[in-house]
Amino acid sequence: MSGKYKPKYTRMAQLKTASDLSTYLQTHQIDLPYDETLLPPDQSPFGKPIVLKSGKTIGNSLCILPMEGWDGTPDGKPTDFTRRRWLKFAESGAKLLFGCEAVAVCHAGKANPNQLVINPENFDEFVSLRQLILDKHTEQFNRTDDLVIGLQLTHSGRFCKPNSHRQFESKILYAHPYLNQKFGMDADYPVLTDNEIDEIIEHYVAAAVLAQKAGFDFVDIKHCHGYLGHEFLSAVNREGRYGGSFENRTRFLRNIVAGIRQAAPGLEMGIRLSAFDLLPFKKGPGDVGMPEPTDTYPYAFGGAESGLNIDLSEPKAFLELAQSLGIQMICITGGSPYYNPHLMRPALFPPSDGYLPPEDPLLGVKRQIDVTHELKKAFPELVIIGSGYSYLQEWLPNVAQYVLREGMADSVGFGRMVLSYPTMPADMLTGKALTRNLICRTFSDCTTAPRNGLISGCYPLDTLYKKLPEAEQLKELKF
C-alpha cells in the first residue's frame, strides 16, 4: 500500500479540545477515562514517588519502557546510536528505567544481528552505558539517588535472528499451528530440549550476575511479545518439565529466579509480562487485520479458548507466583508485535509487514489500561507499570493523570514516544506545555526500518535519522 494511505479513523492530532475528544469517544462508544485539565506540578500524581520494599525509592510515577535495539555491533556492543538513545532515557525525567533495552543473554538468543548481548567480553560496555545515564541524569536533574535503572534480559526464542536480518534461526518450545507456517518452519521443526532450556537458564543467571556487577538496580526477566519467556506460558501441549501444567510452564521463571538469588544475592528482579494474548492476525480484505480462523485456540496466555477474548485467570496466577518469589515490579503489556501488533502497539499506520488496524486504536489503548487496572486491583502490593500510551499523543498526559490519580496503575510507561520526544515526561512533571512537533504520530517507521534491515530510529521527527541515507530507502518500504 502506498505512503498516501488515508486512515479510516480520526487522527488524534485533530482532536484539539477536550470537547473534541469527548465527542469522539461518545460517538464511537469508547469508554476511555481522562482528565479534562491537568493538575499543577505540586498536586500532580506524575511526581508521586514509589517506595519499593527493598528500601529504594523511585522518584516519580513515570517510566521508560525497554525497547529492542537494532543498532549495536555484530558482537553485541553498543554504538554511538545506542548511546544516543540511552541518553534520551536519562534526560527524560522519568525515574524508573524499566530495563532500558532488550539485551540478549547469549548470541543465539538475539532478535536481530545488531541486538546488544551481555557477556564477559561486553561487560565494560554496560558499565559505561549505566554511567552515561547517571552522568546525564545528574546534569539535568541534579540527583540520581531516586533513579532506578534496570536491564531487560531476553532470549528471542521463536524470533531469533542472530546472524541475518532476513533469516530466522528459531528456538521454539512447541509446534504452533499458525506461527510455524507464518515464519517458515515445518510442523516437525525441532523444539528445544529440556537440557537446552536448562542451559539457557544458566545464561540468564550469568547475565544477571554481570548486570549486578555493572551496577544495575534490577533485571527484567522478559515474559512478553512472543519471545521465549512468553512462549513458555502458552506451551500447554509441550511434554517434559517445561510444558503442560501451569507449574511446568512457569518452571523457567522459577529456576531463573532461584539461580539469580543464589548467584547474585540482593539483585532485584522485575518482569515485563504480556498479560493477555489473542489469535495471530493477518491481512484480510482491504489489508485490514483479521484473526486466523479456528474453532479453539489454547495458546493465548491470558486469552479465552476462542482466541478472541481475554481471560486473566492464569495471568493472575502468574502474578501471585511472582509475588511469592519476591518480585515486586511488573510491567504490563499484551500480545506480540510479530503476530497481533494492534494489541500492544495501537497505531493508525502499521509497519511494512503489518496490517491496517482492525479497530479504532483507542480501543487498543483502553484494553491495556483496563487489563492493567484489573491486575492492580487484584495485587495492590505489586508495583504495576502500564504500557500502550503512545497513540494518545497530545492526550497522553490527561489519560495518564486519570489512571495514576485513580490508582489504576502505579506508573505510566513511555516507549517509542521518547524516541521523538525524550523530554515529554520532564515537561509533564514541570507542567510545561507539550511541544507538538515532537509528538510521536505512530507512523511505525521505527519498526518498518529494522524489519527491513535498516537502523531503527524516529525518521519522521529526529533530525539525525532524517538525514541518514536509510531515510530514502525507508520511503520505498512504507506500507
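The model is predicted, with local features requiring pLDDT of at least 70 and side-chain atom pairs counted only at pLDDT 80 or more, while totals for chains, interfaces and linings use all residues. Residues are numbered from 1 along each chain as its sequence is written, and side-chain values use heavy atoms, leaving out hydrogens and water.

Colleague: How are helix 5 and helix 8 oriented to each other?
Modeller: Helices here are DSSP runs (H or I, at least four residues), numbered from the N terminus, and helix 5 covers residues 194-214 while helix 8 covers residues 251-263. Their axes, which are lines fitted to C-alpha atoms over the stretch in contact, with angles running from 0 to 180 degrees between N-to-C directions, come within 9 Å and cross at roughly 40°. Angles under 35 degrees count as roughly parallel, over 145 as roughly antiparallel, 65 to 115 as roughly perpendicular and the rest as oblique. Helix 5 and helix 8 are therefore oblique.

Colleague: What is the handedness of the crossing where helix 3 passes helix 5?
Modeller: Helix 3 and helix 5 pack with their axes 9 Å apart at an angle of about 45°, and they are therefore oblique to each other. A crossing is left-handed if the near helix is turned anticlockwise from the far one by less than a right angle, and right-handed if clockwise. The crossing of helix 3 with helix 5 is right-handed.

Colleague: Which residues of helix 5 meet helix 3?
Modeller: The contact of helix 3 with helix 5 contains 5 nonpolar, no polar and 2 charged residues. On the helix 3 side are Phe123, Phe126, Val127 and Arg130, and these meet, in helix 5, Leu210, Lys213 and Ala214.

Colleague: How many cavities of 30 Å³ or more does the count give?
Modeller: On a 1 Å grid over the protein atoms alone, a cavity is a set of points where a 1.4 Å probe fits but cannot get out, whereas a pocket is an open set with protein on both sides within 12 Å along at least five of seven lines, and lining residues have an atom within 4 Å of a point. Grid points are joined across faces, edges and corners, and a volume is the space filled by probe spheres set on the points. By this rule, the number of cavities of 30 Å³ or more is 4.

Colleague: How much space lies in the largest cavity?
Modeller: Its lining includes Pro341, His342, Arg345 and Ser444, and by class the lining of the largest cavity has 8 nonpolar, 3 polar and 1 charged residues. The space in the largest cavity is about 150 Å³.

Colleague: Which residues lie nearest the centre of the second largest pocket?
Modeller: This pocket holds about 290 Å³ of space, and its lining has 10 nonpolar, 3 polar and 5 charged residues. Helix 11 (396-405) and helix 13 (424-430) each supply at least two residues of that lining. Of the 18 lining residues, those nearest the centre of the second largest pocket are Leu38, Glu394, Pro397, Asn398 and Leu434.

Conventions: Nonpolar A, V, L, I, M, F, W, Y, C, P; charged D, E, K, R; others polar. Contact = heavy atoms within 4.5 Å.
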